[in-house]
Amino acid sequence: QGEVMRKLALTILGLSMVASSAMADTANMSKDGLGDFLIAPFYKAKGTVCSDVNVMNTNKRESILAKVVFREKKASNGVDFPIFLSPGDVWSGMVCQGANGDVFLTSNDDSNHPQIQATLTAGKDLTAHSKAAGNIDVDFTTGYIEVYPIAEFNEGSDAKVEKKVLVERWDKLIKGQLPEKLVKKGVDGYSLTGNIEFTTAGKPTSILPMVAFKGAHDKTLTGSSVAYGNDTSPDILLGTDKKYQLLKTLQHNTATFNYSNGGKDQYIAFTFPFGYVDNQIRKFKISVRDMSENKDVTKEVIFSPVPKVNSYTMQNEVAVVSVADIIAQTNNPAMFKEGQIQITDITNVTDVQLGAGKAPSFFATYFTMDKNAGNKDVVLNSFYTPVK
């Protein structure tokens with residue numbers, strides 16, 4: 001009987017270890033801001049507003065290779081490039097709108113690849129690059145950013161690692177080789193973090209943390225999947241299963257936020273990642289309440305294009321909704337100075353993400369845009385709204 005109980009205990013222990021391993025391999029949103037995959041759901045580069053992008057490796061003994069992807073708002077057409085983070089390292093880059101209306105990325109960081117450093121120092125035209133790749137209708141003035149870790153290396157100490165060593169390791173991975181000190185199980189979930197710092201005329205006005213995920217990267221990538229010119233997508237760099245897990249993690253149908261001053265200068269940016277097609281449409285409903293819980297439900301609010309169904313719609317991979325526009329079209333706008341708005345029943349109309357008729361996967365970012373003394377737009381604050 002003792003032997004039977006011992007075997008039973010070992011069996012239970014083994015099953016629990018398998019279950020724990022399975023849970024660890026599931027991609028979920030991080031609760032501590034650290035992870036193995038990052039998304040900045042919203043950046044802005046228009047007029048005098050720029051976005052300073054920062055990606056940090058908080059691990060002081062391990063190096064991380066990654067790809068950064070800037071995706072524009074209409075169909076997530078992307079421009080990507082590698083970064084090389086030694087232990088405790090930070091990569092920074094700034095996106096701003098140029099005089100010709102295009103959006104430029106500038107970065108003097110030594111974590112850039114040597115072959116593109118001069119281009120990034122002068123300013124990389126994201127708009128022109130995307131159009132040269134065959135994408136005609138793009139808008140990089142608003143978008144989102146993904147950070148895909150490629151590989152991690154245990155350096156064995158916190159001594160400085162030369163960037164040329166990391167570049168050489170990347171080149172070996174492209175050739176299908178496994179460089180020395182490589183962590184073969186993939187990138188850990190407790191090293192990477194990042195943020196977006198909104199600036200006006202070079203002065204910071206607001207910071208929005210990136211959203212981190214754990215369990216998204218559990219294998220080493222080699223060969224064409226990490227090649228410099230390869231198309232960057234979650235199917236390639238994370239795998240279709242991980243992409244599906246991320247979509248399920250981000251699947252919601254309601255966003256709730258407070259408003260004040262009649263919604264003036266207040267906006268909600270809905271970001272729907274992993275769609276990558278033109279003319280994405282979602283339908284939704286709106287409930288507006290003031291502080292006394294008065295509710296406006298009879299006035300229809302119609303956003304272009306006019307929907308075929310009796311509800312409201314939003315378009316593109318990043319859709320910005322004006323709170324003031326919502327309130328202005330209620331029966332009695334003067335009644336709604338301060339209160340709560342719920343955007344509910346958000347549903348895919350087109351066949352994107354998890355399919356037409358399904359609740360979409362999204363982030364909702366609240367932000368305010370105001371004018372300073374020089375009549376320049378300023379992002380005064382920004383944060384993620386509650387979703388469910």
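Start with the largest pocket, which holds about 580 Å³ of space. The model is a predicted one, where local features need pLDDT of at least 70, side-chain atom pairs count only at pLDDT 80 or more, and totals for chains, interfaces and linings use all residues. Residues are numbered from 1 along each chain as its sequence is written, and side-chain values use heavy atoms, with hydrogens and water left out.

A pocket here is an open set of points on a 1 Å grid over the protein atoms alone, where a 1.4 Å probe fits, with protein on both sides within 12 Å along at least five of seven lines; lining residues have an atom within 4 Å of a point. Volume is the space filled by probe spheres set on the points, which are joined across faces, edges and corners.

Now the second largest pocket, at about 460 Å³. Of its 24 lining residues, Lys44, Lys73, Tyr267, Val320 and Val321 are closest to the centre. Here the count is 10 nonpolar, six polar and eight charged.

On to the inside. The largest nonpolar core has 37 residues, and Val55 and Phe70 touch the most other members. A core means buried Ala, Val, Leu, Ile, Met, Phe, Trp, Tyr and Cys residues joined through side-chain atoms within 4.5 Å. Buried is under 20% relative accessible area, with a 1.4 Å probe and protein chains only. Beyond four places in sequence, Phe70 has contacts (heavy atoms within 4.5 Å) that include Gly78, Val79 and Phe81. A separate core has 30 residues, including Leu65, Tyr144, Val226 and Phe363.

Next, helix H6, residues 240-249. Its buried residues are Lys242, Lys243, Gln245, Leu246 and Leu247. They pack against strand E2, strand E12 and helix H5. Helices are DSSP runs of H or I, at least four residues, and strands are runs of E, at least two, numbered from the N terminus.

Last, confidence. Mean pLDDT, the predictor's confidence in each residue from 0 to 100, is 87 for the chain, and 88% of residues reach 70 or more. Residues 2-24 fall below 50, with one contact beyond near neighbours in sequence. Residues 298-310 also stay under 50, yet have 26 contacts beyond four places in sequence. Where pLDDT is low, the predicted coordinates should not be read in detail.

Key
Buried < 20%, exposed > 50% of the residue type's maximum accessible area, 1.4 Å probe, protein only. Nonpolar A, V, L, I, M, F, W, Y, C, P; charged D, E, K, R; others polar.
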